[in-house]
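User: Hello! I am new to this structure and would like to know how the descriptions of it are reached. Could you walk me through them?

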Amino acid sequence: MQKVKLRQSAAYLAFLLPATAVFVAFFVFPFFKSIWLSLTDAYGYRQDINFIGLKNYAEALSNKAFRSSLWVTVKYTALVTVSANVVALLLAFLLDGSTRFKKLFRTIFFLPNLMSLIIVGFVWVFLYGGVYRSFADLIGLPEALRVSWLGPDMALISIAATAVWQCAGYYMLIYIAGLQSISDEVIEAARIDGAGTWDIIRHVKLPLLAPVIFMNTLLLITSCFKTFDIPMAMTSGGPAGATTTIALQIYNTGFRANRTGYATAQSVILFLIICAITAALYFFQNRRGEAAE
Amino acid sequence: MNTKHSRRRGEAVTTTVTALFALIFFLPVLIAVINSFKTNGEILASAIALPGAPTLENYKTVIEASDFPSAFLGSCIVTGGEIVLNLVVSSLAGYALARWKSVWSHVLTLVFLSSMFVPFHTIMIALLSTAKSLGLTGHLWGLILIYCGLQCTIPIFLIKGFVSSVPKELEEAAMIDGCSIAQCFFLVVLPMLKPILATVAVLNALWIWNDYLLPYLILAKPATIPLSQMYFYGQYNQQWNLIMAGFVVSTLPVVIFFLCMQKHVISGIAAGAVKG
């Protein structure tokens, strides 16, 4: 019996080996190397590297450009998380209700999510530029009243709108799945008690959807904090850093300025922020869950 | 009768509202498609007018100048190769984690799980230097291997969850009949995993097909569709007729894929989100 068990364990280990090997090589090892690099003065791929303690972290936290990228990311995350959630919920309720052509509409809403963010970015630069100009000419909007969508004041809001357009369909699908898992009996019971459609949405469906809302919010916040492609394609972080997110800042520091050590310190800060947000959200969710009980 | 009437009116109202939203969502795509049939001069005159004489010239230029066929092939190789490799690697691991009752399987599960908190940018720089020292940069297969390492955790959990929900009796019966664990896995378990493997394949396709940064760092040449579009954009800056044609050409394959696989994509997203 002991021998059989040993042979079994060996087989399971062999099954786990390929996944563990690629995972360690391309995730675990680079992760710990990043932490080590963040404590050094690594520059490009120069070989001599010196340990400098937490200097990179101190520099990042006092650096104006990095702090501005943090603030830009927070604003962007807030804008996109709230708007995408609202839009996705609204679309999910519309498609869950008595609407015709559901499949067609669902496909249209999800369509942008299938597109590469880079190419979506190009299309929207065109929309905010040439298309808007043509439209403004058509309705005779005076030059003074025209909005410079990708100018310093509006650029962040504009790229956030693009992101919402791109991702809302994805979160809508998750909401639809959540709505479909609510049992018909509950809704029927509420209807018999005299509840209208709006009452059912507010007092039955929304509360039952709370875990899904929590999950979508978590997914949105963590993905927004990592956002890179859209600002890269649309504005390259400009004008004057107005759309330089943390991810873009890390990229520029590491690959444009070649300050590898400093860039990895920034990236570890991003990691810690994401951990903190996730932990805080889970803590909040658990507290709420307990309060409800 | 009355409620039936009001219900029908409710349906008309929600359908109209939904159609309005659909129009807003679809308008950008429509504008892009229309402009892809115009000349640059026409776009400069008006970007919202219909084309005077629709032309396919833009498509010809894009397909030739960005060498679209080879970028398309590159994207197919990377996505397809990664999916096959990932399915093999993660179904083996997911099965082992579900069935192996040992401290080690719990430890490994935790290690895999913790990776979900780490953003790509945190490992990006060190990963590139690892890839360079292993000689993986510049090769499609190198990119496939790296993707497999980075994208195997969610598939492993999905498969582990699926295996746990399947009764063990079938495997035990097979083992009593003299199957080894390996035989048991390939002959008994793998065929049962089909639905979850389809989900995993679709999720991977969606993650990888449109990814930009990792291929850009590893390949450093326009070998996939997003990369070739980025290069093309830089080269033909402000020639919106060409860029819009590029948008249509590069989006069409994935839209066709979606329309064929719709059911799997939708259930995959729901499943992936629950685990992710």
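Predicted model: local features only at pLDDT ≥ 70, side-chain atom pairs only at ≥ 80, totals over all residues.

User: Why is A:Asn258 called partly exposed?

Analyst: Its relative accessible area is 30%. Buried would need a value under 20% and exposed one over 50%, so a residue in between is called partly exposed. A:Asn258 sits in the loop between helix H10 (246-256) and helix H11 (260-292) of chain A. Its phi is positive, about 60 degrees, although A:Asn258 is not a glycine.

User: What makes B:Asp67 buried, exposed or partly exposed?

Analyst: The same cut-offs, under 20% for buried and over 50% for exposed, decide this one. With a relative accessible area of 41%, B:Asp67 is therefore partly exposed. You will find B:Asp67 in the loop between helix H3 (57-65) and helix H4 (68-99) of chain B. Phi of B:Asp67 is also positive, near 45 degrees, in a residue other than glycine.

User: What makes a group of residues a nonpolar core, and which members of the largest one touch the most others?

Analyst: The members must be buried residues of nonpolar kinds, joined through side-chain atoms within 4.5 Å. The largest such core here has 178 residues, and A:Val80, A:Met172, B:Tyr95 and B:Ile146 touch the most other members. Helix H6 (residues 155-180) of chain A gives the largest share, 15 residues. Leaving aside residues up to four places away in sequence, A:Val80 touches A:Ala160, A:Ala163, A:Val164 and A:Leu220, among others.

User: How do you know that chain B and chain A are in contact?

Analyst: Contact asks for heavy atoms within 4.5 Å. By that test, 90 residues of chain B are in contact with 84 residues of chain A. The area buried between the two chains is about 7,700 Å², with 82% of it from carbon and sulfur atoms. B:Phe25, B:Trp100 and B:Ile125 supply 10% of the area that chain B buries against chain A, more than any other three residues.

How values were computed. Residues numbered from 1 in each chain as written. Chains lettered and ligands numbered in written order. Heavy atoms only, no water. Buried < 20%, exposed > 50% of the residue type's maximum accessible area, 1.4 Å probe, protein only. Helix = DSSP H or I, 4+ residues; strand = E, 2+ residues; numbered from the N terminus. Buried area = accessible area lost by both parts, 1.4 Å probe.
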